[in-house]
Amino acid sequence: MNPLATSTATSPLEWTSQGAFASLGPTFFTALEPTPLPQPHWIGTSTDVAQLLALDADWMASDEALHAFTGNARLPGSSPLASVYSGHQFGVWAGQLGDGRAILLGETMGGLEVQLKGSGRTPYSRMGDGRAVLRSSIREFLCSEAMHALGIPTSRALCLTGSPAPVRREEIETAAVVTRVAQSFIRFGHFEHFAARGKVDELRALADYVIDRYYPACRTT
């Protein structure tokens, strides 16, 4: 399959642009494509999350899905982006951070955001390789679904794909991509980013977006 080609004429996911994170404007993110990985293969899939997204089981087992959720092909209608945020690391203010190895594919009509983790470098990678390794990706895939089953609110994991592409950590490991699903991937650091820079208009726009989308009762209390 041609890397970053459109995977199908009709997308298996219905995306929305109205009210989605991308509607906040380019101050909040960088639009970019995932970086393809060679020889992708399936590691695991959550049938429960696939049903949540109304994804057909046969399509989920296809090469089209494999390449789409490895970052090798764009799903029609999706608008990939990496968001910027700031925050603390190890108890110290680190300044600008951002999605260094995660790319948001978009928001579905059902109000769920779909994100690839381990999908390559972004402007926020800060000298990192933008990749995730199989070892930790398996842990994230299993833990997120286990936490959900235990009734603990968390992001979900749709699927996990692997690649023989080498990734250097303490030693050479192989690459993996986790497809994550959540109502929103906005974090406190998104607010910190604009608050620390005194950008009140952007901070207000972000706050209004979160209130209107997720806490509309705040408008009437």
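User: Where is S83 in this model?
Analyst: This is a predicted model. S83 sits in strand β6, which runs over residues 81–83.

User: And is S83 buried or exposed?
Analyst: S83 is buried. Its relative accessible area is 5%, and buried means under 20%.

User: What does S83 touch, apart from its neighbours within four places in sequence?
Analyst: S83 is in contact with F21, F28, F29, G98, D99, Y124 and H190.

User: Which side chains make polar contacts with the side chain of S83?
Analyst: The side chain of D99 makes one, at 2.7 Å. The side chain of H190 makes another, at 3.0 Å.

User: How far is S83 from V200?
Analyst: In sequence, they are 117 residues apart. In space, S83 and V200 are 18 Å apart, C-alpha to C-alpha.

User: New topic. How many cavities of 30 Å³ or more does the structure hold?
Analyst: Two. The largest cavity has about 100 Å³ of space.

User: Which lining residues are closest to the centre of that largest cavity?
Analyst: S83, D99, Q115, F185 and H190 are the closest, out of 13 lining residues. So S83 turns up again, as one of the residues lining this cavity.

User: Which elements give two or more residues to that lining?
Analyst: Strands β6 and β10 do, with β10 covering 113–117.

User: Tell me about Q115, then. Where is it?
Analyst: Q115 is in strand β10. Q115 is buried, with a relative accessible area of 2%.

User: Which side chain is joined to Q115 by a polar contact?
Analyst: The side chain of R180, at 2.6 Å. Leaving aside neighbours within four places in sequence, the contacts of Q115 include D99, L104, V178, R180 and F185.

User: Which residue takes a positive phi just after α5?
Analyst: G198, at about 70°.

User: Let's switch to α4. How many residues does α4 have, and what span does it reach?
Analyst: Helix α4 has 16 residues, 134–149. It reaches 23 Å from its first C-alpha to its last. That is close to the 22 Å expected at 1.5 Å a residue.

User: Which residues of α4 are buried?
Analyst: S137, F141, S144 and E145 are the buried residues of α4. They cover an arc of only 90° around the axis, so they lie on the same side of α4.

User: What is exposed on the other side of α4?
Analyst: L142 and A149 are exposed there.

User: What do the buried residues of α4 pack against?
Analyst: They pack against β4 (41–45), α1 (47–52), β11 (132–133), β12 (156–168) and β13 (172–182).

User: Which residue just after α4 takes a positive phi?
Analyst: G151, at about 85°.

User: Is M127 buried or exposed?
Analyst: M127 counts as exposed, at 83% relative accessibility.

How values were computed:
Residues are numbered from 1 along each chain as its sequence is written. This is a predicted model: local features need pLDDT of at least 70, side-chain atom pairs count only at pLDDT 80 or more; totals for chains, interfaces and linings use all residues. Side-chain values use heavy atoms; hydrogens and water are left out. Helices (H or I, at least four residues) and strands (E, at least two) are DSSP runs, numbered from the N terminus. The expected span of a helix is 1.5 Å times one less than its number of residues. Buried means under 20% relative accessible area, exposed over 50%, partly exposed in between (1.4 Å probe, protein chains only). The arc is that of the directions from the helix axis to the C-beta atoms. Contact means heavy atoms within 4.5 Å. A polar contact is a pair of N or O atoms within 3.5 Å; within protein, one must be able to donate a hydrogen and the other to accept it, and residues adjacent in sequence count only if both atoms are side-chain atoms. On a 1 Å grid over the protein atoms alone, a cavity is a set of points where a 1.4 Å probe fits but cannot get out, and a pocket is an open set with protein on both sides within 12 Å along at least five of seven lines; lining residues have an atom within 4 Å of a point. Grid points are joined across faces, edges and corners, and a volume is the space filled by probe spheres set on the points.
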